[in-house]
Amino acid sequence: MRFARLALLVVVLLLTAAQAQAAGLRLSNDRAGIATALGHKFVFHTTIRNDGATPASGLIAHLNVVDLSGHTYVDPEDWSSQRTRYLPSIPAGGSTALAWRMNAVNSGTIGVYVAVLPRSGAPVPPTTGPTVRVQIKDRKTLNSGGILPLALGLPALLGLLAVGVRVRRGR
Amino acid sequence: MEAVARGGRERSTPAWIVVTEQELRDLWLGGRGLVLSVAFSLLLSVIAYLVATNRALNFLEQRESVNLTLQVAIAVGALLALLSAADTVSGERERGTLESLLLTPVSRLEITLGKLVAALSLWLAAFVITVPYVWFLGRGVGLVGDALASGFVVGTLLAIFLASLGVLISVFAASNRVSLSLSLLVLLALFVPTQLPSSAQQGWAGDLLLRLNPMTAGEHYVGKIVTNGHPWSQDISWLLSPLVAAVVFSAAALVVGARFTGLRGGGSG
């Protein structure tokens with residue numbers, strides 16, 4: 001019974017410590033909103049500050065992508081190839097900065113945010129940063145690189161040849 | 001098939017060449033080859049337009065766009081050769097022209113060889129049509145030469161394999177419909193491994209399946225050269241299966257064609 005109480009105390013202390021670690025973090029972005037166009041690349045930076053009294057170590061920062069319009073399918077893998085970062089130890093009062101490089105895969109409005117959680121997997125809520133609102137304008141590429149003359153011309157040429165052969169045989 | 005009879009009298013020209021000439025005339029001046037070529041160029045136009053658009057939007061790299069177009073061209077070009085070959089014996093049988101063809105002083109081996117070569121002309125035409133598309137998509141990065149050369153080698157091997165398979169099926173098929181359906185079924189079966197999830201293609205079993213299947217092995221080889229920029233020798237082992245399939249199936253088609261071509265399916269006629 002005594003041993004069980006001791007074990008429970010240790011668990012509570014560990015969870016409290018982990019929670020305190022997460023609670024001591026503060027995330028901020030260099031931009032609140034981004035306007036770009038379909039197919040373009042863009043970058044934003046996140047600063048993770050440790051306001052706690054002890055160094056924060058064993059943390060993971062994860063980038064999340066959410067469709068805000070509600071009618072566009074978002075596969076986060078397409079938007080950024082490196083969405084998970086294993087952070088170095090952040091000293092008390094110190095900070096670390098991360099650059100997130102992204103591709104605008106769909107037009108519309110998406111929300112991007114970063115969550116930081118302990119690598120230990122302790123059941124504590126992750127610390128999240130503010131959402132970056134990304135507005136992506138559609139782009140029409142009707143004649144990409146001048147493909148249209150070839151795409152229309154070659155079948156037309158062969159079609160004319162086929163008709164010519166048929167007419168000649170018909171005579 | 002009058003030309004075949006004439007060819008029999010022209011001692012200077014080998015009979016299989018006369019058969020090939022006549023088959024080419026039927027295929028290209030009869031209009032079927034040109035109609036298939038128009039359809040092929042339309043398909044490539046759609047693919048090229050889509051990949052060019054995707055490249056403009058940064059979703060595809062230049063090498064990937066060339067590879068995608070080339071893979072489609074190889075697969076569909078070989079399919080055209082297969083469809084043409086699947087009509088060779090069963091089609092003649094169904095149109096009632098096989099009897100007069102068998103009565104000409106040309107051996108069945110030469111008839112089969114002539115028809116096989118003529119069927120391959122569809123692949124050659126498909127490749128010629130592919131050239132401007134690959135040039136357009138791959139220009140500027142020194143990619144066009146390797147892409148076209150590897151596409152030609154792999155596509156020719158696959159076209160020989162599939163056209164020979166078509167002839168084999170056509171010799172034994174009871175009707176032209178059966179021959180065409182069975183040929184398409186076999187082709188689809190050969191393409192099935194490309195639709196497996198990437199996890200299923202990993203490991204020794206997945207690797208072996210991809211290597212044994214001439215279609216997947218050939219397309220893998222082209223992909224490595226075009227997309228990854230590998231030298232020709234680095235993945236040469238992937239060419240083994242298309243090469244073996246081309247040699248074995250063409251030899252089998254000639255032997256079977258010479259032995260079993262008859263007025264009824266299965267060579268019983």
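Guide: A residue is buried if 20 or more other C-beta atoms lie within 10 Å of its own, exposed if 12 or fewer do, and partly exposed in between, with C-beta atoms placed from the backbone. This is a predicted model, in which local features need pLDDT of at least 70, side-chain atom pairs count only at pLDDT 80 or more, and totals for chains, interfaces and linings use all residues. Residues are numbered from 1 along each chain as its sequence is written, while chains are lettered from A and ligands numbered from 1 in the order in which they are written.

Visitor: How does Glu99(B) count: buried, exposed or partly exposed?

Guide: Glu99(B) has 13 C-beta neighbours inside 10 Å and therefore counts as partly exposed. Glu99(B) belongs to helix H6 of chain B, residues 98-103. Its C-alpha atom is 21 Å from that of Ala119(B), a residue 20 positions away along the chain.

Visitor: What share of the residues in chain B is buried?

Guide: Buried residues are 50% of the 269 in chain B; for chain A the figure is 20% of 171 residues.

Visitor: What radius of gyration does chain B have, and what would a compact globule have?

Guide: The radius is taken over C-alpha atoms, and the globule rule is 2.2 Å times the number of residues to the power 0.38. For 269 residues the rule gives a value near 18 Å, and chain B, at 20 Å, agrees with it. The C-alpha trace of chain B spans about 60 × 40 × 30 Å along its principal axes.

Visitor: How is the packing of two helices described?

Guide: Two packed helices are described by the angle between their axes and the distance between those axes. Axes are lines fitted to C-alpha atoms, for helices over the stretch in contact, and angles between N-to-C directions run from 0 to 180 degrees. Angles under 35 degrees count as roughly parallel, over 145 as roughly antiparallel, 65 to 115 as roughly perpendicular, and the rest as oblique. In chain B, the axes of H4(B) and helix H7 (residues 108-138) come within 8 Å and cross at roughly 165°, so H4(B) and H7(B) are roughly antiparallel.

Visitor: At what angle do the axes of H4(B) and H9(B) cross?

Guide: The axes of H4(B) and H9(B) cross at roughly 155° and come within 9 Å. H4(B) and H9(B) are therefore roughly antiparallel. Leu79(B), Leu82(B) and Leu83(B) of H4(B) make the contact with Leu180(B), Ser183(B) and Leu187(B) of H9(B); two residues are in contact if their C-beta atoms, placed from the backbone, lie within 7 Å.

Visitor: How many of the 13 residues of H11(B) are buried?

Guide: The number is 12 of 13, so H11(B) is largely enclosed by the rest of the structure. Among the buried residues are Pro214(B), His220(B), Tyr221(B) and Val226(B). The buried residues of H11(B) pack against helices H4, H8, H9, H10 and H12 of chain B. Helix H11, residues 214-226, reaches 18 Å from its first C-alpha to its last, close to the expected 18 Å; the expected span is 1.5 Å times one less than the number of residues.

Conventions: Helix = DSSP H or I, 4+ residues; strand = E, 2+ residues; numbered from the N terminus.
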